[in-house]
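Trainee: I have a new model open and would like to talk it through with you. Could we start with the loops and then move on to the helices?

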Amino acid sequence: MARGVKWGCSYKRITLIVCSINIVVALYVLRSLYASLYLHSSNTRFNDVVKYTPDQVRKMEESVRIRRAAEPLRLVKLMKQLKEQIQREEMMVELPQDVKHKITEEILLRLRRLNSSAGISEQRDAVESWRKEKLLEVKQLTNGTNGLNSTILQEQAGILVRALESDWAVLSENIGLWIPAEISHLEHDDKPEGDEEEPEEEILPGRALPPECHAELHTDYDGTAIRWGLTHPKESAADCCQACLDQAKNAKPGEKKCNVWVYCPSETGCYSPDIYEHKNMECWLKYAENPKLNFKDRYSESYRNSHPNAPLIVPWVSGVTSA
């Protein structure tokens with residue numbers, strides 16, 4: 001009997017040990033399978049990740065920056081301001097039309113009382129004075145302390161108080177009241193004391209005239225024509241003077257030598273009392289034993305009365321090369 005008991009205990013133990021070993025083996029197998037599946041899944045996910053090049057990353061960042069910069073922030077801000085303005089206008093109680101007419105008539109009456117020479121500042125002061133007086137009147141009417149002679153009804157006084165105080169600019173626009181801003185013009189004289197204004201020196205076109213030409217602006221000398229300017233154009237007064245000097249130098253015996261030159265520098269032509277049309281760059285070479293002036297600086301008033309086409313200023317430039 002004792003052996004049977006011992007054998008039974010040994011059998012149970014062996015069975016328990018075998019079962020435990022089987023469980024351990026099964027757990028190990030399951031762990032191995034799970035580990036292999038986890039590694040396979042991790043490798044698959046890693047391979048599925050999109051890799052971007054540095055250039056692609058830079059382009060994506062640039063795209064995000066451009067999109068943010070293109071957001072209409074200014075438009076959103078303006079829309080918000082417009083919405084607030086509309087809300088304020090909706091909250092504003094509209095003045096009755098008859099009240100607007102009364103206000104307009106009173107302001108015009110106040111402006112008509114001003115002198116005709118009143119400036120913008122006086123007009124502004126008159127309107128502001130009326131506004132303060134009217135505001136005091138309607139406040140008294142609202143409080144019931146005075147205002148029996150007011151042209152505004154008591155139920156309209158409260159609306160008008162707010163219009164004259166906080167909404168005066170809107171009310172002015174609604175009734176068509178607009179007074180421009182006053183602009184003052186101040187002239188600054190930066191010229192040192194004692195300096196007299198000197199007339200600007202007139203400059204002839206072309207190269208400078210040499211001293212021997214003795215050029216005189218707005219001058220027309222008389223003389224016998226050696227070369228007619230109608231068929232003798234020169235580019236400048238200096239060229240005309242040089243032509244006179246050359247003619248005098250190269251003149252043959254018995255020929256008159258040029259000692260007076262007359263040139264037309266005006267692009268619109270030069271006036272002369274003869275029948276010809278004198279154009280720009282005409283160069284007249286003349287000889288005069290005693291050179292005399294035809295005209296100098298300005299044509300006289302008596303001359304212009306008898307010659308209506310004559311200008312005020314003599315357009316010619318002349319010179320006497322030798323006495």
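Trainee: Which loop holds His218?

Mentor: This is a predicted model, where local features need pLDDT of at least 70 and side-chain atom pairs count only at pLDDT 80 or more, while totals for chains, interfaces and linings use all residues. Residues are numbered from 1 along each chain as its sequence is written, and side-chain values use heavy atoms, with hydrogens and water left out. Strands are DSSP runs of E with at least two residues, helices are runs of H or I with at least four, and both are numbered from the N terminus. With that numbering, His218 sits in the loop between β1 and β2 (219–221).

Trainee: What is the phi of His218?

Mentor: Most residues other than glycine have a negative phi. His218 is not a glycine, yet its phi is positive, at about 50 degrees.

Trainee: Is His218 buried, partly exposed or exposed?

Mentor: Buried means under 20% relative accessible area, exposed over 50%, and partly exposed in between (1.4 Å probe, protein chains only). His218 has 22% relative accessibility, so it counts as partly exposed.

Trainee: And where is His214 placed?

Mentor: His214 also deserves a look, as its phi is near 50 degrees, a positive value in a residue other than glycine. At 45% relative accessibility, His214 counts as partly exposed. Its place is in the loop between α7 (168–174) and β1 (215–217).

Trainee: Now the helices, please. What span does α4 reach from its first C-alpha to its last?

Mentor: Helix α4 covers residues 97–112, which is 16 residues.

Trainee: Why do the buried residues of α4 lie on the same side?

Mentor: The buried residues of α4 are Val99, Lys100, Ile103, Ile107 and Arg110. The arc is taken from the directions from the helix axis to the C-beta atoms. These residues are on the same side of α4 because they cover an arc of only 100 degrees.

Trainee: Which exposed residues are on the face of α4 turned away from its buried side?

Mentor: Val99, in α4, is buried at 0% relative accessibility. The face turned away from the buried side carries exposed residues instead, namely Glu105 and Arg112.

Trainee: How are α4 and α5 oriented to each other?

Mentor: Axes are lines fitted to C-alpha atoms, for helices over the stretch in contact, with angles from 0 to 180 degrees between N-to-C directions. α4 and α5 (residues 120–143) pack at about 135 degrees, with their axes 9 Å apart. Angles under 35 degrees count as roughly parallel, over 145 as roughly antiparallel, 65 to 115 as roughly perpendicular and the rest as oblique. The two helices are therefore oblique to each other.

Trainee: Last one: which strands are included in what covers the buried residues of α8?

Mentor: Helix α8 has the buried residues Ala237, Ala238, Cys240, Cys241, Ala243, Cys244 and Gln247. Their cover includes β3 (224–227), β4 (260–263), β5 (283–287) and β7 (317–320).

Note on methods
The expected span of a helix is 1.5 Å times one less than its number of residues. Contact means heavy atoms within 4.5 Å.
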